[in-house]
Amino acid sequence: MSDLLRMTEMTEAYAIQISGWKYPGEFALYNLPPWETMRADGWALCDPEKRKTDYRAFVTAEGQLAAFTRATFDPLGIMLGVGANPDCLSLGYGSEAIRQTVAQLADRHPGVTIYLEVRTWNKRAVRSYEKSGFVIRETVEQETYAGPGEFYRMVYGQGEPC
């Protein structure tokens, strides 16, 4: 276990807290809708079963929710999503959450490609993912809740191209 963060279950209380995270400037497109809107629209974060199977919360020694990850299976492998508390950026928490999640996934699902997608303009996140062992495989256009965008598809380690 890391001294930096502790991996724990994603509770409804943590999920509600995440829905209230507000990012500044260009990162504001990562702001989520209010919890009640997300729940009414059926977001995965609001589903108790998906929180149990897909999500992990990461808390500091002081008990602050610092980051979360979501891992879902699809035809390309395991897609990893990452979110960091905007009050905790640039403290290494996102990288630690990724490290712990990837270690757990690789142990439980050996040989399965682990990948993520990140907006190409988000240089801070790209650097963090590269430090965590991900490499850019391709650029893809995606439509998300925050609108369309150009994304890097990044694969962990020496994973096969998606």
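1. Helices here are DSSP runs of H or I with at least four residues, strands are runs of E with at least two, and both are numbered from the N terminus. By that naming, Leu-45 sits in the loop between α2 and α3. The model is predicted: local features need pLDDT of at least 70, side-chain atom pairs count only at pLDDT 80 or more, and totals for chains, interfaces and linings use all residues. Residues are numbered from 1 along each chain as its sequence is written, and side-chain values use heavy atoms, with hydrogens and water left out.

2. Is Leu-45 buried or exposed? Leu-45 has a relative accessible area of 4% and is buried (buried is under 20% relative accessible area, exposed over 50%, partly exposed in between, with a 1.4 Å probe and protein chains only). Leaving aside residues up to four places away in sequence, Leu-45 touches Met-10, Ala-15, Ile-18, Leu-32, Trp-35, Met-38, Arg-51 and Tyr-55 (contact means heavy atoms within 4.5 Å). Tyr-55 is 10 residues from Leu-45 along the chain, and their C-alpha atoms are separated by 7.9 Å.

3. In helix α1 (residues 12-19), the buried residues are Tyr-14, Ala-15, Ile-18 and Ser-19. Seen down the axis of α1, they fall within an arc of 140°, so they line one face of the helix (the arc is that of the directions from the helix axis to the C-beta atoms). An α-helix has 3.6 residues a turn, so residues three or four places apart point the same way. The buried residues of α1 pack against β1 (6-8), α2 (35-41), α3 (48-54), β2 (55-59) and β3 (65-74).

4. Ser-90 belongs to the loop between β4 (77-84) and α4 (93-108). Its phi is near 65°, a positive value in a residue other than glycine. Most residues other than glycine have a negative phi. Ser-90 is exposed, with a relative accessible area of 67%.

5. A pocket is an open set of points on a 1 Å grid over the protein atoms alone, where a 1.4 Å probe fits, with protein on both sides within 12 Å along at least five of seven lines; lining residues have an atom within 4 Å of a point. The largest pocket holds about 1500 Å³ of space (volume is the space filled by probe spheres set on the points, which are joined across faces, edges and corners). It is lined by 48 residues, and the closest to its centre are Tyr-30, Gly-81, Val-82, Gly-83 and Tyr-129.
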